[in-house]
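Here are my notes on the model, as numbered points. Please read them alongside the sequence and the coordinates.

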Amino acid sequence: MKPLASISLGDASYTFYVGLGALLLNIVVAVIATVVVGLISPAKRGAAA
């Protein structure tokens, strides 16, 4: 038995693997978080050694 989920949009029904959906969602959230943190963090300056 495979962990599948179905989504119905109008007349169409889509079936996908739950694990693959979770992986894609993790990637999207990580990219968005990286962009947001990059925008709100202070600009990096050259390190003085």
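1. Confidence. pLDDT is the predictor's confidence in each residue, on a scale from 0 to 100. This is a predicted model. The protein chain has a mean pLDDT of 86. In it, 86% of the residues reach 70 or more. Among the elements, β1 has the lowest mean, 89. Helix α1 (residues 18-40) has the highest, 94.

2. Layout. The protein chain holds two strands and one helix. Read from the N terminus, the order is β-β-α.

3. Strand pairing. β1 covers residues 4-9 and β2 covers residues 12-17. The two strands run antiparallel. Six bridges join them.

4. The hairpin. Two residues lie between β1 and β2. G10 takes a positive phi there, near 65°. L9 stands opposite A12 of β2.

5. Surface. How much of the protein chain counts as buried? The value is 0% of the 49 residues. The accessible surface of the protein chain comes to about 4,700 Å². Carbon and sulfur atoms account for 70% of that surface.

6. P3. This residue lies in the segment before β1. Leaving aside residues up to four places away in sequence, P3 touches F16, Y17 and V18. P3 and F16 are 13 residues apart in sequence. Their C-alpha atoms are 8.6 Å apart in space. Is P3 buried or exposed? P3 counts as exposed, because its relative accessibility is 55% and the cut-off for exposed is over 50%.

Technical notes. Residues numbered from 1 in each chain as written. Predicted model: local features only at pLDDT ≥ 70, side-chain atom pairs only at ≥ 80, totals over all residues. Heavy atoms only, no water. Pairing = 2+ DSSP bridges. Helix = DSSP H or I, 4+ residues; strand = E, 2+ residues; numbered from the N terminus. Buried < 20%, exposed > 50% of the residue type's maximum accessible area, 1.4 Å probe, protein only. Areas by Shrake-Rupley, 256 points an atom, 1.4 Å probe, with all protein chains shown as cover. Contact = heavy atoms within 4.5 Å.
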